Amino acid sequence: MALKGPCPALLLLLLVLLPACLALGRRETRHEKFHRQHVDFPKTSAPDARRYCNLLMPRRNLTTDACKPTNTFIHAGPAEVDDVCHAGGTLRTENYYDSKVPFELTICRLAGGAQRPPCNYRGRTSTQQIRVLTLPHPLHAAGTVA
Ligand SMILES: *[C@@H]1O[C@H](CO)[C@@H](O)[C@H](O)[C@H]1NC(C)=O
C-alpha cells in the first residue's frame with residue numbers, strides 16, 4: 001500500500017505505539033501532536049538524560065494534567081522522521097515501515113511516585129531503528145495507541 005503526503009502513521013518504538021496520524025479539523029493535528037511529543041531537533045541541551053526528560057516533558061505539555069508514563073524523543077528533523085514512511089523506510093507489511101537508519105533517541109520514563117505534576121522522570125539515550133505504523137484511517141488509531 002503506497003501512502004502519500006504527510007505520514008498517516010503511528011510510530012512504533014520498541015513496543016510503544018506513538019501516534020503520528022493526521023486528523024483534520026482539529027486545532028492541533030495528530031501529525032503536529034506527534035512532532036510536539038516526539039521530535040526534538042537539534043536536541044535540547046541538558047546535563048544528562050534525567051534532567052533532559054524533566055525539562056522536556058513539561059515543556060512539551062506532556063505533564064499538564066497527569067504525568068505521561070513514558071515518552072520517546074527523536075533527535076532528527078521532522079522531515080527526516082516523516083520520511084520513514086517514504087524513502088527513509090522499508091515497508092515491512094502493509095501496516096508498518098522500519099527506518100533504514102538508526103535514530104538518536106531519548107526515552108523518558110516516570111520514576112514512580114506521583115502520577116501528577118510535578119513529575120519525576122528517568123531518562124536514557126539510545127540509538128536504534130524506529131518503526132512507523134501506517135493507518136489507513138485515523139479512527140483505527142484509537143484501538144492501537146498505547
Ligand atoms: C503548551 O500549552 C500551552 C497552553 O495551552 C500553550 O500555550 C503552549 O504553546 C503549549 N506548548 C507546546 C509545545 O505545544
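Hi everyone, let's start with a pair of charges: the side chains of D98 and R131 meet in a salt bridge, at 2.7 Å from N to O. That pair ties together distant parts of the chain, since D98 sits in strand β5 and R131 in strand β8, 33 residues apart. Please keep in mind that this is a predicted model.

How accessible are the two partners? D98 is buried, with a relative accessible area of 11%, whereas R131 counts as partly exposed at 27%. R92 joins in too: R92, D98 and R131 are linked in a network of salt bridges.

The structure holds five salt bridges. Another one brings together the side chains of R60 and D40, 3.3 Å from N to O. Here R60 comes from the loop between α2 and β3, and D40 from the loop between α1 and α2, 20 residues apart. Both R60 and D40 are buried.

Now to helix α2, residues 49-59. Which of its residues are buried? They are A49, Y52, C53, L56 and M57. These cover an arc of only 115 degrees around the axis, so they lie on the same side of α2. And what do they pack against? Strands β3, β6 and β7.

At the N-terminal end, D48 caps α2, with a side-chain oxygen 3.2 Å from the backbone nitrogen of R50. D48 also forms a salt bridge with R51, at 2.9 Å from N to O. Just after the helix, N61 takes a positive phi of about 60 degrees.

Last stop, strand β7, where we find S126. S126 is buried, at 14% relative accessible area, and its side chain makes a polar contact of 2.5 Å with that of Q128.

Key: Residues are numbered from 1 along each chain as its sequence is written. This is a predicted model: local features need pLDDT of at least 70, side-chain atom pairs count only at pLDDT 80 or more; totals for chains, interfaces and linings use all residues. Side-chain values use heavy atoms; hydrogens and water are left out. Buried means under 20% relative accessible area, exposed over 50%, partly exposed in between (1.4 Å probe, protein chains only). Helices (H or I, at least four residues) and strands (E, at least two) are DSSP runs, numbered from the N terminus. The arc is that of the directions from the helix axis to the C-beta atoms. Contact means heavy atoms within 4.5 Å. A polar contact is a pair of N or O atoms within 3.5 Å; within protein, one must be able to donate a hydrogen and the other to accept it, and residues adjacent in sequence count only if both atoms are side-chain atoms. A salt bridge is a side-chain nitrogen of Lys or Arg within 4 Å of a carboxyl oxygen of Asp or Glu.
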